[in-house]
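Please look at the sequence and the structure below before reading on. The text then goes through them step by step.

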Amino acid sequence: MDQRTRSGLVAGILLVLVGLAFLAVQLVPGLEEALRLDFSWPLIVVAVGVGLLLMGLLTSAPGMAVPAFIVAGIGGILYWQNATGQWTSWSYAWALIPGFAGLGTIVAAILGEGGWRAASRGAEAILVSLVMFAVFGSLFGGWAIFGPFWPVLLIVLGLVMLIRAFVRRSTPA
């Protein structure tokens with residue numbers, strides 16, 4: 001079975017399963033209340049991310065880990081926001097999305113796509129994402145973890161990027 005056929009097969013199976021789940025909620029009295037879909041709807045977004053990862057694994061496409069982690073990560077943020085009512089956290093929570101992409105890149109590298117260099121870029125994306133999250137969280141989130149010293153994060157990140165640029169330039173290709 002070729003890759004295209006397997007991709008179509010996996011996508012079809014996932015759509016049928018999701019459709020059956022939604023149909024069950026429509027037809028079975030009390031199922032929606034039992035599942036508390038009014039509260040846990042962000043888990044559907046997480047499930048789509050897991051489905052993307054499974055599709056990538058079943059079709060031998062490790063690169064699917066990147067969108068899978070992005071979608072599942074956004075679902076996790078939505079779940080937290082829905083549980084706490086902290087919807088204004090989007091003013092800084094968006095900064096985690098490059099970190100989700102970085103995690104997906106590392107997983108894809110572990111599964112055989114991109115190797116050590118891709119994993120290194122994924123780790124860089126996570127670092128940048130965490131710094132942005134801390135900076136924007138301090139600025140807009142009302143939680144000043146670093147107090148007035150949050151600019152130090154920007155300085156450290158800038159120095160890391162400068163050092164890496166010089167190390168890359170001096171390394172022969």
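Residues are numbered from 1 along each chain as its sequence is written, and side-chain values use heavy atoms, with hydrogens and water left out.

The protein chain has nine helices and zero strands; helices (H or I, at least four residues) and strands (E, at least two) are DSSP runs, numbered from the N terminus. The predictor's confidence in each residue, pLDDT, runs from 0 to 100. Its mean for the protein chain is 83. Helix α7 (residues 97-110) has the highest confidence, at a mean of 95, and helix α3 (residues 37-40) the lowest, at 68. Where pLDDT is low, the predicted coordinates should not be read in detail.

Of the 173 residues in the protein chain, 25% are buried. Buried means under 20% relative accessible area, exposed over 50%, and partly exposed in between (1.4 Å probe, protein chains only).

Which residues form the largest nonpolar core? They are V131, A134, V135, L153 and L157. Such a core is a set of buried Ala, Val, Leu, Ile, Met, Phe, Trp, Tyr and Cys residues joined through side-chain atoms within 4.5 Å. Helix α8 (115-140) and helix α9 (151-170) each give two or more residues to this core, and α8 supplies the largest share, three residues.

L9 lies in helix α1 (residues 3-27). L9 counts as partly exposed because its relative accessibility is 44%.

Methods: This is a predicted model: local features need pLDDT of at least 70, side-chain atom pairs count only at pLDDT 80 or more; totals for chains, interfaces and linings use all residues.
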